[in-house]
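Work through the following exercises with the sequence and the model at hand, and compare each solution with your own reading of the coordinates.

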Amino acid sequence: MIALGGAIGTGLFYGSATVVKMAGPAITLSYLIGGIVIFFIMRALGEMAVAHPVSGSFSQYAYQYWGELPGFVAGWNYWFNYVVVGMAELSVIGTYINYWLPDIPTWVSALVCLVLVTLINVINVKAYGEFEFWFAIIKVLAIIGMIVFGIAMIVFGVGNGGQPVGISNLWSHGGFFPMGLYGVVMSLVLVMFSFGGVELVGITAGEAENPKKIIPQAINQVVWRILLFYVGAMTVILAIFPWNEMETTGSPFVQIFSHVGISAAANLLNFVVLTAALSAYNSALYSNGRMLYGLAQQKNAPKFFGKLNSAGAPVNAVLVSSAFTLITVLVSYLDPEKVFLYFMALATISIIINWAIILIVQLKFRNHRVQVKEPLVFKMPFYPLGSYFCLAFLVLVVIIMAFMPDMRYSLYIAPVWLLCLYIAYQLKLKA
């Protein structure tokens, strides 16, 4: 549920409107391609998590199988990634609130939600788990309900005066590939952002009762469920509503039911996408607190972050992570129109670095296993071709980002961030 909660957020409920404009109905193909790559990345992580279940996941693996510097970079980059993901989730909450209360500034909504979710994470660890479980349940059931209702509209005309909608919208407005293969390729960047969060399964590996059984099940189920939700939901949406009439602001899920005149469904889905954003921010803040706490335990972060409160929550780590996401409030005030794209670009490049580290460490992990002659219980399929294919795909995504003005700036920030981490590591060695 944590992995689903992290991966099913603004990427699907909000960002998908922008992606549809780039590729049209062929976006379903983009999600399928991205899903296949994610499957291999998750299996690479799962191979290590089953063989060596630890909390902190691939940061620990990078430290053990690649070296101290990669472990340091992996941990801090993961923290940075989820700070930015949290910012992206917060940045769109105001848009959803404005659907009902258009006069409330988006930065005010972001600030209120930031404070509430921070309190949930600090006051009680159990409260986080309860909120995340119900947040995830709400959006999973909503997507299933939307798919079922959409199929009823397509086949039986439910909500459309008994007139079956059919699936002709998938090719009637410029064809299935209205933007050509170029549109599909360019959309891959935003698609990969949408899948960010599935690797949260690895964070929980050390806490599973029977990791050799539970982790493989969780990884395989998460991958096919996310593919079902993304590909299935987008196929239904694009069959019901012409892709070229979709607006890039707001959730396409809400837009469609508003346009076809089913206001009750639109209001319900707006509530769902609001809880989805809160859920993903909740997951981000939870993982950030645990990652900073883990870094402190490794002596890769100040001892200050290793403090637990009476409820067992890493209070200082959570509060500092939350304080960084306050930047969202400022940017939402200064440039509310572009705030989501800014944070999405940064989140995309940082998650690509994380996934690349997972794949490289898995290759080194395999070499280690061959040397010590230890068998593997949960093998990544098509090794090593699968690993090299995914690394090449991630390089392609970075190249595509260079051709997208709203994404390009993140390619300037990423090297600076990595250089800062290298300097911080050198200072740590000298301390």
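**Exercise 1.** Determine at what angle helix α9 and α16 pack and how far apart their axes are.

Solution. Helix α9 (residues 180-195) packs with α16 at an angle of about 75°, and their axes are 9 Å apart, where axes are lines fitted to C-alpha atoms, for helices over the stretch in contact, and angles run from 0 to 180 degrees between N-to-C directions. The two helices are therefore roughly perpendicular to each other, a term that covers angles of 65 to 115 degrees. Helices here are DSSP runs (H or I, at least four residues), numbered from the N terminus.

This is a predicted model, in which local features need pLDDT of at least 70 and side-chain atom pairs count only at pLDDT 80 or more, while totals for chains, interfaces and linings use all residues. Residues are numbered from 1 along each chain as its sequence is written, and side-chain values use heavy atoms, with hydrogens and water left out.

**Exercise 2.** Find the partner with which Arg366 forms a salt bridge.

Solution. The partner is Glu47, with the closest N and O atoms 2.9 Å apart; a salt bridge requires a side-chain nitrogen of Lys or Arg within 4 Å of a carboxyl oxygen of Asp or Glu. Arg366 lies in helix α16 (residues 339-372) and Glu47 in helix α4 (residues 27-51), so the pair ties together parts that are 319 residues apart in sequence. Both Arg366 and Glu47 are buried.

Note on methods. Buried < 20%, exposed > 50% of the residue type's maximum accessible area, 1.4 Å probe, protein only. Parallel < 35°, antiparallel > 145°, perpendicular 65-115°, else oblique.
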